[in-house]
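Let's take a friendly walk through a protein model together. Keep the structure open beside the text and look for each residue as it comes up.

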Amino acid sequence: MTDIEEILHISSDAEFERAAVCLFRFQAERCAPYREYVRLVGIDPAGVDCVARIPFLPIELFKTHDIYCGDAAPEAVFTSSSTTGQTPSRHPMARLGIYERTFEAAFRTFYGDEAQYGIYALLPSYLQRKGSSLVYMADRLIAHGNSGGFYLDDYDKLLSDMEADPKPKILLGVTYALLDLAEKYAPKLRDTIVMETGGMKGYREELPKQELHRILCEAFGVKSIHSEYGMAELTSQGYSDGGGVFRSPRWLKIVTRDINDPFSLLPEGSRGGVNIIDLANIYSCAFIQTQDVGRTFADGSFTVEGRIDRSEIRGCNLLVQ
């Protein structure tokens, strides 16, 4: 299945399973790095008839290989944020229209029509580099609502503009910038969803998520902090409306794996490495083994509890060299 409209309208587990197997066979043939990885782990694509047998590509390969299987040159290449000396991941996007349809559909699944909101983006570290998929998404969502905008460190203008906006608002911010705003102003926000995108990006010391949300709730006068779960290597996003529990759109599924055995999937509720199936990753790879740690639950929700300590891994990268 390589039609984005069919993928976005998946409505059952059986449809998801069929689409995933079909897309796996397409990518195992057309995406050269994934094809080689599937060969190295000894899997015959023709014998894969269910999601449980699909191998997940280590996310590190997005740093070293072109994970792409489009017929023409990609319309954009999204890159991950990285600290000094690190190599960013690269995610070629065959058609920007696929990304736009996907993030619009995911947002509307959980929040309704984006045009009803004023979206205020506090994303300084993303704005200061090229290739951010988050900035591209926020820019389009802002345009649809005709209010809001991007702000670097002009907190006075941000708060003034939000106060003057009669619409419901979303304050979308990278974690360290939201903390800066909270500490310097502690503004009590009216009719506003505060949504953090995660990450101190090396600017501040990491805080436990529960403590971070407590500080932000108290400073902004809101009952909960929403979160967005996404990354450059994905086309889709998951969202949390509080408590650190994320929900994903119907074409995105999270499973967990044994940290010491990347080919062994864990039952629901078990803590393990996060694997992602993003069926909107049509022309790259839809099956990704991340470095996040989390849990999944029976209703499809999931939590992200941190990153894998490299010292915990036993042979995960044996075949990635």
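## Starting at T175

T175 sits in helix α9. This model is predicted, and in it T175 has a relative accessibility of 3%, so it counts as buried. Now look for R25: T175 and R25 are 150 residues apart in sequence, and their C-alpha atoms are 38 Å apart in space.

## Sequence distance and space

How far apart in space are I10 and P249, C-alpha to C-alpha? The answer is 9.6 Å, although 239 residues separate I10 and P249 in sequence. I10 belongs to the loop between α1 (4-8) and α2. With a relative accessible area of 2%, I10 is buried.

K63 gives another example to trace. K63 is part of helix α4, which covers residues 61-64. Its relative accessible area is 34%, which lies between the 20% limit for buried and the 50% limit for exposed, so K63 is partly exposed. From K63 to S227 there are 164 residues in sequence and 26 Å in space, C-alpha to C-alpha.

## Aromatic rings in pairs

How many aromatic pairs does a search of the whole structure find? The search finds 19. One of them joins Y99 and F103 in an edge-to-face arrangement, with 4.9 Å from centre to centre and 75° between the planes. An angle over 60 degrees is what makes a pair count as edge-to-face. Both residues lie in helix α5 (residues 96-111), where Y99 and F103 are 4 residues apart, about one turn of the helix.

Y229 is buried, at a relative accessible area of 8%, and F302 is buried at 1%.

Elsewhere, look for Y136, whose ring has the charged end of R140 sitting over it, 4.0 Å from the ring centre.

## The second largest pocket

Rolling a probe the size of a water molecule over the atoms shows where empty space is left. The second largest pocket found here has a volume of about 530 Å³. Its lining is made of 25 residues, and those nearest its centre are D13, L252, K253, D299 and G300.

Which elements each supply at least two residues of this lining? They include α2 (13-30) and β11 (252-258). Strand β11 gives the largest share, 5 residues. Sorted by class, the lining of the second largest pocket holds 11 nonpolar, 7 polar and 7 charged residues.

## A polar contact at T235

T235 lies in the loop between β8 and β9 (238-240). Its relative accessibility is 1%, so T235 counts as buried. What distance spans the polar contact between the side chains of T235 and N281? That contact is 2.6 Å.

## Two residues with positive phi

Most residues other than glycine have a negative phi. Two residues to look at with this in mind are N146 and A186, which have positive values. Phi of N146 is near 60°. N146 is placed in the loop between α7 (133-145) and β5 (148-150), and it counts as exposed because its relative accessibility is 71%.

Phi of A186 is near 45°. A186 is in the loop between α9 (175-185) and β7 (192-196). At 31% relative accessibility, A186 counts as partly exposed.

Notes. Residues numbered from 1 in each chain as written. Predicted model: local features only at pLDDT ≥ 70, side-chain atom pairs only at ≥ 80, totals over all residues. Heavy atoms only, no water. Phe/Tyr/Trp six-rings, centres within 6.5 Å; stacked < 30°, edge-to-face > 60°. Buried < 20%, exposed > 50% of the residue type's maximum accessible area, 1.4 Å probe, protein only. Lys NZ or Arg CZ within 6 Å of the ring centre and 35° of its normal. 1 Å grid on protein atoms, 1.4 Å probe; cavity = no way out; pocket = protein on both sides within 12 Å on 5 of 7 lines; lining within 4 Å. Points joined across faces, edges and corners; volume = space filled by probe spheres on them. Nonpolar A, V, L, I, M, F, W, Y, C, P; charged D, E, K, R; others polar. Polar contact = N/O pair within 3.5 Å; in protein donor to acceptor, adjacent residues only side chain to side chain.
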